Amino acid sequence: MGASAWDARYREAGRGAETRLWSALPPGILLDTVSGWAPGRALDLATGDGRTAIWLATQGWSVTGVDFSAEAIGLARKHADDAGAEVTWLVADAVSWAPEERFDLVTVMYLHLPEADIRRVLARAAAWVAPGGHLLVVGHDRLNLGTGAPGPGNPDILYTPEILSSSAGDLDVLRCETVPRDLATDPEGPDEAHAAPRVALDTILVASARPRIQS
């Protein structure tokens, strides 16, 4: 889906009472992973309506949220205002945009592109991680197709641990594996808790940039 198609989805969501396509909170695995890290500068790439960026901001991070859908960023601004969170929002394409600074944390949540494109995006994102910082990626695993759980049905845009680990550039891979997600307690979208399958399968990558050696 291109930016115009996502604009249409978010525009429709904005007209509803809920105004959300996704859960209000980031994936539980992100919360568990990041909660113990000292806040710094964070980039949430393909932020959608901002749930990860907003949560990070409420935890003390200085956050930039980027998405190619102007409608999504509009909703993100509203959600951030409602939460009392300060986030820098940018309308830009993750495939071509590049920042002028490095970040202590770069998050990429459920960004699904053809394999060549996602490898390129993640390799570029890895280069934006400051010394001592982390790259955190979560998305639907190809094995999710066999569970009947919600998620994209095209295997060509789904993750595997190999795709993520081999796209981390010069970062040290700390964790890269397929993990279960309980749909009853950690839905990706507002309707997933009511789906018949109880478990979805995601892929997670946690990688770090080596700290700068002090002379």
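Helices (H or I, at least four residues) and strands (E, at least two) are taken here as DSSP runs, numbered from the N terminus. The model is predicted, so local features need pLDDT of at least 70 and side-chain atom pairs count only at pLDDT 80 or more, while totals for chains, interfaces and linings use all residues. Residues are numbered from 1 along each chain as its sequence is written, and side-chain values use heavy atoms, with hydrogens and water left out.

**Whole chain.** Of its 215 residues, 51% are buried (under 20% relative accessible area; exposed is over 50%, partly exposed in between; 1.4 Å probe, protein chains only). Among contacts (heavy atoms within 4.5 Å) with a separation of 6 or more, 69% join residues 24 or more positions apart.

**Helix α4.** Select residues 70–83. These 14 residues reach 20 Å from first C-alpha to last, close to the 20 Å expected at 1.5 Å a residue (the expected span is 1.5 Å times one less than the number of residues). Show the side chains of A72, I73, L75, A76, H79 and A80, the buried residues of α4. Looking down the axis of α4, they fall within an arc of 160 degrees, so they line one face of the helix; the arc is that of the directions from the helix axis to the C-beta atoms. On the face turned away from the buried side, α4 carries the exposed residues D81 and D82. Just after α4, stop at G84, where phi is positive, about 70 degrees.

**Helix α5.** Move to residues 115–127. The end C-alpha atoms of α5 are 19 Å apart, which agrees with the 18 Å that its 13 residues should span. Its buried residues are I118, V121, L122, A125 and A126. Down the axis of α5, these buried residues fall within an arc of 135 degrees, so they line one face.

**D186.** Finish in the loop between β6 (172–182) and β7 (199–208), where D186 lies. What is the nearest side chain of opposite charge to D186? That side chain is R181, 5.0 Å away, and D186 is buried yet has no salt bridge (a side-chain nitrogen of Lys or Arg within 4 Å of a carboxyl oxygen of Asp or Glu). For charge, Lys and Arg count as positive and Asp and Glu as negative; His and the chain ends are not counted. Leaving aside residues up to four places away in sequence, D186 touches P26, P27, G28, I29 and R181.
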